[in-house]
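Subject: Structure handover

Hello,

Please find below the structure I am passing on to you. My notes on what was found follow it.

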Amino acid sequence: KVQLVGAVDDDELARWYATADVVISLSSYESFGMVVLEGLAAGTRVVASDIPAHRDMRQFDEHGALRLVPFASSPQEIARAVRAELAIGRCTPSASVLSWEAVAQLHLELYEAVLRPKSASPC
């Protein structure tokens with residue numbers, strides 16, 4: 001069963017990722033594999049096109065949940081990959097992917113450290 005839901009807000013998107021059995025991203029180009037990353041973070045199996053941005057997301061794939069398929073894969077090849085991932089089932093959410101809140105907090109701390117007044121030099 002496939003459901004195309006269109007645009008959703010962030011909370012609803014998180015619920016979809018958390019309940020999906022497989023996330024699929026068959027882009028020909030991405031500057032960053034956000035869909036893949038969010039799927040892995042939620043513990044969802046992911047089938048994605050074998051492009052550089054998706055390959056880069058393997059560093060966050062703690063459970064072997066990311067299956068890359070050649071970009072020119074046929075619908076039958078993609079269906080086989082999806083069925084294979086469905087047979088394996090969901091995995092534990094990735095601990096190596098930080099939440100948006102954690103990323104924002106780390107950036108805030110970095111900015112505060114950079115902007116913190118330096119003590120005057122005694123010389």
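Strand 2 is mostly covered, with five of its five residues buried. Buried here means under 20% relative accessible area, exposed means over 50%, and partly exposed lies in between (1.4 Å probe, protein chains only). Helices (H or I, at least four residues) and strands (E, at least two) are DSSP runs, numbered from the N terminus.

This is a predicted model, in which local features need pLDDT of at least 70 and side-chain atom pairs count only at pLDDT 80 or more, while totals for chains, interfaces and linings use all residues. Residues are numbered from 1 along each chain as its sequence is written, and side-chain values use heavy atoms, with hydrogens and water left out.

In a regular strand the side chains alternate between the two faces of the sheet. From strand 2, Arg-45, Val-47 and Ser-49 point one way, Val-46 and Ala-48 point the other way, and all are buried. Strand 2 pairs with strand 1 in the parallel sense, over four bridges; two strands pair if DSSP finds at least two bridges between them. Opposite Val-47 in strand 2 stands Ile-24.

**Nonpolar cores**

In soluble globular proteins, nonpolar side chains tend to be buried together. A nonpolar core is taken as a set of buried Ala, Val, Leu, Ile, Met, Phe, Trp, Tyr and Cys residues joined through side-chain atoms within 4.5 Å. The largest one in this model has 14 residues, and those with the most contacts inside it are Val-36, Leu-40, Val-46, Met-57, Phe-60 and Leu-66. Helix 2 and strand 2 are the elements that give two or more residues to this core. Its largest share, four residues, comes from helix 2.

Val-46 touches Val-23, Val-36, Gly-39, Leu-40, Ala-65, Leu-66 and Arg-67, not counting residues up to four places away in sequence. Contact means heavy atoms within 4.5 Å.

Helix 2 covers residues 34-42, and its buried residues are Val-36, Leu-37, Gly-39, Leu-40 and Ala-42. What covers them includes helix 1 (10-19), strand 1 (22-25), strand 2 (45-49), helix 3 (52-56) and strand 3 (66-69). Glu-38 is also found in helix 2. Leaving aside neighbours within four places in sequence, Glu-38 is in contact with Leu-13, Tyr-17 and Trp-100. The C-alpha atoms of Glu-38 and Ile-51 are separated by 17 Å, with the two residues 13 apart along the chain.

Gly-43 has its place in the loop between helix 2 and strand 2. Just after helix 2, Gly-43 takes a positive phi of about 85°. At 0% relative accessibility, Gly-43 counts as buried. Apart from neighbours within four places in sequence, its contacts are Arg-90, Cys-91, Thr-92 and Pro-93. Gly-43 and Ser-73 are 30 residues apart in sequence, and their C-alpha atoms are 25 Å apart in space.

**Salt bridges**

Side chains of opposite charge can pair when their charged atoms come close. The structure holds three salt bridges, each defined as a side-chain nitrogen of Lys or Arg within 4 Å of a carboxyl oxygen of Asp or Glu.

Glu-85 and Arg-45 meet through their side chains in a salt bridge (2.6 Å, N to O). This pair links distant parts of the chain, with Glu-85 in helix 4 (residues 75-88) and Arg-45 in strand 2, 40 residues apart. Glu-85 counts as buried because its relative accessibility is 2%, and Arg-45 counts as buried because its own is 3%.

Glu-85 also forms a salt bridge with Arg-67, where the closest N and O atoms are 2.6 Å apart. Here too the pair links distant parts of the chain: Glu-85 is in helix 4 and Arg-67 in strand 3, 18 residues apart. Arg-67 is partly exposed, with a relative accessible area of 32%. Salt bridges that share partners join Arg-45, Arg-67 and Glu-85 into one network.

Asp-50 forms a salt bridge with Arg-55, with the closest N and O atoms 2.5 Å apart. Asp-50 is partly exposed, at a relative accessible area of 32%, and Arg-55 is partly exposed, at 32%.

Regards
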